[in-house]
Amino acid sequence: MFSVELPERLNAAAELVDRHLGNGRAEKPALICGSRVMTYRDLFEAVNRFGNALLDLGVRIEERVAILLPDCPECAIAFLGAIKIGAVAIPINTLLVAKDYEYLLADSRARVLVVGSAHWPIVAEIRPRLKHLMHVVMVDEPREGCLSWHRLLEDASPSLEPADTSKDDAAFWLYSSGTTGFPKGTIHLHHDMIVMADLYARQVLDLRESDVSFSVAKLFFAYGLGNGLYFPLSTGGTTVLLPDRPQPDKVFEIIDQHGVTVFYSVPTSYAALLHAAEKSGRTSLGRVRMCISAGEPLPSTIYEQWRDRFGIEILDGIGSTEILHIFISNRPGQSRPGSTGQLVPGYEAKIVDDADREVPVGEVGTLWIKGESIASGYWNKHEQTKSTFRGEWINTHDKFRVDEDGYFWYAGRTDDMIKVSGQAVWPSDVEALLKAHPAVLESGVVGMTDEDGLTKPCAFVVLKDGVAASASLERELQEFVKTRTSPHKYPRRVVFIDALPKTATGKIQRYKLAEVAAVMVRLHSH
């Protein structure tokens, strides 16, 4: 099996930033954000200044530094600066509410929080209850009781020796977005980013120093952190950061303005971009040579429409917070629409039944993965660590089948399956069929009990602009699914809604749809 050779002593920040100065890239753009351009030298000095500022605040090795910022240079600097001194960086989801932030900051016992003005009101509200939080660093105008980012960096030295960390020291945590329950702090080590960049970015994508990368997915979650930060830095490339919401017009503007060559997104965003391009008549992606998708399965209809319109295939893959990034992926020129692709070099897979026995090729089971980028476990979640991390293997809790050619086909989460007439129905199958109907933008399918107490599929559907919901359209969609798959899979109810509930990473929160379906059943029965 392929593996990455790494030294015993390794500091990920030094590996991602420092070495480029000796390799002639000091004046090359590393980060672009709006009109701001940071060269590799600028980034090196800023990372050093922030690392020194943390040392001056008394932050020690392994202590946590939380980062609550949109995608911007300061977010990258804080992340790398914390890692460089041997502290643990924690990028935090920017789309949460006060009680979530209170939980994350208390759970992680973060000593320092770096925050922008947009989130300051929430932080001010919860701060008195956070007994471990010693310092709040404000990136914008400093507020009372906070430290100024700009003053801290101004006063700090631009020279810093990286901490003498082991490749197996903790470098950063990512809190799982969690489609259910409390988020889990996933502990990643210094070697994880280096391994992932080598196995996936270099070997699957052939990412190059000349590439300009842009990711719709944000830095606070695993997929975006690779796309938007450590992949381009590992190859000496350039990344474009967007602090705002990735609205289609803004995404196309960045692709045009900065000559983006590698574009990362999620299926929901690809659907929205296609919808916008259909309306404007756009058929070009400029210099983009490659498009990547993850976060949820990419429907074959989106793959085909995108390829037909722009002449570029989307490489779908699956990653996870625990494994850090994509471990199964389609390859350029070898994509199979609807498939998640083949194993990334350096990873092994097995598909097992409920007794953890391997199932034959073609049968659906639970996917287990083995590889060097897997987290060491969850922080303070002993039982969940035991159920997910199994020696060298990790239970992904995803259902898959693999075909004779080694292509993997997603069948849903272990807890998503609906049993209808004793037969398994995977929501993603029905959603993919609905997506093929010209009126449908996206959908979420869950189980719903009928008047006899039997479970049947119920589809929550978001329609494209200008399409009106109606009883006749509901019947048309039901017939559309029924004529294209086994009859027991068609949705017995179609509910038209404005938007699907989603995690920050774009995954459908089916449990919220199931709650709505349960309320509908109760109302109907009274």
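Leaving aside its neighbours within four places in sequence, which residues is Phe252 in contact with?

Mentor: This is a predicted model, in which local features need pLDDT of at least 70 and side-chain atom pairs count only at pLDDT 80 or more, while totals for chains, interfaces and linings use all residues. Residues are numbered from 1 along each chain as its sequence is written, and side-chain values use heavy atoms, with hydrogens and water left out.

Beyond the neighbours within four places in sequence, Phe252 is in contact (heavy atoms within 4.5 Å) with Leu273, Ala276, Ala277, Arg282, Leu285 and Phe310. Phe252 sits in helix 9, residues 248-258; helices (H or I, at least four residues) and strands (E, at least two) are DSSP runs, numbered from the N terminus. Its relative accessible area is 6%, so Phe252 is buried; buried means under 20% relative accessible area, exposed over 50% and partly exposed in between, with a 1.4 Å probe and protein chains only.

Phe252 also belongs to one aromatic cluster with Phe214, Phe263, Tyr270, Trp306 and Phe310. Rings of Phe, Tyr and Trp (its six-membered ring) pair if their centres lie within 6.5 Å; planes under 30 degrees apart count as stacked, over 60 as edge-to-face and the rest as tilted. The structure holds 15 aromatic pairs. One of them is tilted: Trp173 and Trp379, with 4.8 Å centre to centre and 35° between the planes. That pair links distant parts of the chain, 206 residues apart, with Trp173 in strand 8 (residues 170-175) and Trp379 in the loop between strand 19 (377-378) and helix 12 (382-388). Trp173 counts as buried at 3% relative accessibility, and Trp379 counts as buried at 18%.

The ring centres of Tyr378 and Phe389 lie 5.2 Å apart with the planes at 75°, so this pair is edge-to-face. Because Tyr378 is in strand 19 and Phe389 in strand 20 (residues 389-390), the pair ties together parts 11 residues apart in sequence. Tyr378 and Phe389 are both buried.

As for the setting, the protein chain has 15 helices and 27 strands. Its radius of gyration is 23 Å, close to the 24 Å that the globule rule gives for 526 residues, so the chain is as compact as a globular protein of that length. The radius is taken over C-alpha atoms, and the rule is 2.2 Å times the number of residues to the power 0.38. Of the 526 residues, 59% count as buried.
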